[in-house]
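This report is meant for a reader meeting the structure for the first time.

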Amino acid sequence: FPFPYTPYRIQEQFMEALYGALEAGRVGIFESPTGTGKSLSLICGALSWLRDWEEKRRQEEARLLALGAGGQDGLTPQQARPGNVDTTGEPDWVTAFVQKKEERDMVDRLKEEQIRRKKQEDRLEKIRHNVQLKYAAKRKRCEEDEAKHLLQLSKEALSQGAGEDVLDQLDHNEEELILADYESDDEKKVVSGLEEDDDDLEEEHVTKIYYCSRTHSQLSQFVHEVQKSPFGKDTRLVSLGSRQNLCVNEEVRRLGALQLINDHCMEMQKNKHEKKNDEENEGKKRRVSRTVCPFYSYEQMQFLRDEVLVEVKDIEQLVSLGRETKACPYYGSRFAIPAAQLVVLPYQMLLHESTRNAAGIKLKDQVVIIDEAHNLIDTITCIHSAEVSGSQLCCAHSQLSQYMERYRKRLKAKNLMYIKQILYLLEQFVGMLGANNFFSPFYSSISGTVLKSINDFLFQSQIDNINLFKVQRYCKKSLISRKLFGFVERYGGPASAVKTNKENQKLAGLQNFLLSLQQGSDKEGDPPVEAEHDQLRTASPLMQIEGFLSALTNANQDGRVILNKQGTVGQSSLKFLLLNPAVHFAKVVEECRAVIIAGGTMQPAADFREQLLCCAGVDPARIVEFSCGHVIPPENILPIILCSGPSNQQLEFTYQTRDLPQMMDETGRILCNLCNVVPGGVVCFFPSYEYEKQVYGHWEKTGLLSRLAAKKKIFQEPKKANQVEHVLVEYAKCIKRCSQTGGQMTGALLLSVVGGKMSEGINFSDDLGRCVTVVGMPYPNIRSPELQEKMTWLDKTMPIVAGQAPSRMLTENLCMKAVNQSIGRAIRHQKDFASILLLDHRYARPAIFNKLPQWIRERTQVKPTFGSAFAELRKVRTHILCPT
């Protein structure tokens, strides 16, 4: 395998296993700990396979073309079509004629493909080596911009003194808010913004690898690894992202919310097509000038596509190129998909079928690699679940009613019919939350949580006679949520009102109505950023409701509707919970040639195998698992399961015992001893924010906190995401300062939460994490209605394995996945070293112990007493931390 440096043995093993899985068309679960060069191994292993695959295909094509060129008798049926059907009973001359025709057709098709591929390669090579082409294109863009600017100036000069009435102009602009005619319920091709007569629509997708990860920063990091790899110069790579990340139109970007950006962009593409039709009918006077995106230039997007294919670029570089070329990076990058060899995208885009189709992603016979896949099941569940609050339902009903009243005379019958259907749905949903009367929905008759199957919910809310698929299609095609948002934006408040009339007075009162609904939930006072987000959300509630309507179209057995009734309808909510994520993953594994699910910590892997793959219909023989060790020497890591503390108190942090004063005291004593011998940073993970707060308060009262603070400065994980960076910076500064100055203070202690903001994606390398401690076992809250329903569903649908109920296995796996993520924060590279302390004797049970990552499990020591564990920690300090 080509590699930028001499690979570790485990990297070679990883690449060999990956190559074998891709060649055999398997579904693989691959685990490679952080710090072992997983990204490079994925790149070099997968692209080596792709290079070999393309070479084999080229050789096969050349062989068939050579045989075809040799004359009609050169091809035998076996050579041309190995899987020829039996044509017994047909005369020999008929069989021969059919075979010859098929052979000729196949040779002609291969020739056409070869010509098209040669043209594309020549064009890209020309762009790569001819700088003048780039300058010519840039000069042309500048000339076009100047011409547009002069044209605009002349229009402004002509319009001065025209004496147009301002109010009439506003009325004309209001035309944008009115729904277009909706004629048919049939599923037609959604306007994607591509030209109808474009040859590239039919461009064949070459065999490619779709690489997915969780965040854009992880994808950018992966692209930089590709650039550094031996494949960086000659790989056609395209980075995909949402409009929120790729849009370069500042007017659209200012909308902020993803759904608003999507809707406005789609509307501008629609306007482009309408503008074409209007230009054809020159005799008709256009009543309104509709906005068309200036970056949606087909010629420039083709140029951007070629630039993307010529050189590997990440998202940031793609956006910069889009601004420079005045071409839309969102659509331009999609143009590049068919010819690309490696497509890099967030895995939400690949896992959601309608998003996948809208982006032009075709999975048939392709390879998918999903990296950072430890929470893949949760991600699929979240993408296809939806929640709406009572205040959103009431707000959407009020807005839509007033929209209908204002434009009733301008709307066609089909539009009015669907608006009335949506209003009826909203009324029934509010009724399900306990409102006795929709027009006084402030107080709910009952509080509590109720779970219903999809069918029961549809019947009891009396909406089973409405075709939700048609309503969903109408919302998508008509862009009604975007129109409604524009309407509320224009008339929703006194500041933005144009005229004072009855409708505006009603809408102004809407703001007070919403405030009264939300008083109960906003007592603590949110930071400005979150407050702005809430305002945006309440301004366009129909967008959220569309997601809920879409979720209700799932099969009855695959999900549940949760009615969460509170004191007021505004605080109550309806939530759709997806129970079977495999139904949405099935199409991916069915269509793809091979699927690789990879991560730094994939244990326990049973969830992926049973809940995701087997439920999706994958043959167990097709599933392959691979887990490699770590590159660090065995003595660089010391994992210990501690069964009792310094005063011989057994460590068992169950819900019944963890609140006892002696348990909290024992935890404090263990940390005091650790802080005495471990230099640098110590990270301690608690099962929840509430328990961490409780323990911290107890230590303050008993004086343990001041004893800890004498050796390490204490930091706490903040609950709010925007404060995490500040805490981490201060934590790192303190450790660096202590290591340089010496003295009694030896570093810092960070109190964190399993599953919190510090347990994933944070790098506690070197002195930032010389010891990671986990207090107790962070089992999920089994009183949660969602978890209870999932456990019941698993017990009904999954087999018992090794005498253990699937529901019990689920809670253990969720617990250990969270623990494995947390303890994986410490060892981050080959020369790193750290201790890992698991404070609970239950970790020593075989069923739990075997769910630790293999590279940690094989080095773990179980210590019944604190004395022997402390001796091991001192030994590590002597041999590694202070070798002199």
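The axis of a helix is here a line fitted to its C-alpha atoms over the stretch in contact, and the angle between two axes is taken between their N-to-C directions, from 0 to 180 degrees. The model to which this is applied is a predicted one.

**A pair of helices**

Two packed helices are described by the angle between their axes and the distance between the axes. For helix α11, which covers residues 298–310, and helix α12, which covers residues 315–325, the axes come within 10 Å and cross at roughly 145°, and the crossing is right-handed. On the side of α11 the contact is made by Gln-300, Phe-303, Leu-304, Glu-307 and Val-308, while α12 contributes Leu-318, Leu-321, Gly-322 and Thr-325. Sorted by kind, the residues of this contact of α11 with α12 are five nonpolar, three polar and one charged.

**The sheet and the helices on it**

Strands of a sheet pair through backbone hydrogen bonds, either parallel or antiparallel. In this model seven strands form an open sheet with parallel pairing, and their order is β14-β15-β13-β16-β17-β12-β18. The edge strands, each of which pairs on one side only, are β14 (712–716) and β18 (861–863), and from one strand to the next the twist averages 20°.

Within the sheet, strand β16 (residues 771–775) and strand β17 (residues 834–839) run parallel and are joined by five bridges; Cys-771, for instance, has Ser-835 in β17 as its bridge partner. Helix α32 (residues 806–823) packs on the sheet, where it touches β13, β16 and β17, and its direction makes about 160° with that of β16. Helix α30 (residues 724–741) lies across β13 (680–686), β14 and β15 (747–753), and runs at about 155° to β15.

**Cysteines and a buried serine**

How many disulfides does the model contain, if the two sulfur atoms must lie within 2.5 Å? The count comes to zero. Cys-394 is in no disulfide, and the nearest cysteine sulfur, that of Cys-395, is 8.7 Å away. Ser-389 lies in strand β6 (residues 386–389) and, leaving aside its neighbours within four places in sequence, is in contact with Gly-570, Ser-572 and Ser-573.

The table gathers the relative accessible areas of several residues, including those two.

| Residue | Relative accessible area | Class |
|---|---|---|
| Cys-394 | 4% | buried |
| Cys-815 | 1% | buried |
| Ser-389 | 18% | buried |
| Glu-372 | 22% | partly exposed |
| Leu-479 | 7% | buried |

Why is Ser-389 classed as buried? Its relative accessible area is 18%, and because buried means under 20%, Ser-389 falls in that class.

**Backbone details in the loops**

Most residues other than glycine have a negative phi, and most peptide bonds are trans. Glu-372, found in the loop between β5 (367–370) and α16 (376–383), has a positive phi of about 50° although it is not a glycine. Leu-479, in the loop between α20 (468–478) and α21 (480–491), likewise has a positive phi, near 55°. The peptide bond from Gln-603 to Pro-604 is cis, with omega near -10°, and Pro-604 is placed in the loop between β10 (594–599) and α26 (606–614).

Terms used
Residues numbered from 1 in each chain as written. Predicted model: local features only at pLDDT ≥ 70, side-chain atom pairs only at ≥ 80, totals over all residues. Heavy atoms only, no water. Pairing = 2+ DSSP bridges. Helix = DSSP H or I, 4+ residues; strand = E, 2+ residues; numbered from the N terminus. Contact = heavy atoms within 4.5 Å. Left-handed = near helix turned anticlockwise from the far one by under 90°. Nonpolar A, V, L, I, M, F, W, Y, C, P; charged D, E, K, R; others polar. Disulfide = S-S within 2.5 Å. Buried < 20%, exposed > 50% of the residue type's maximum accessible area, 1.4 Å probe, protein only.
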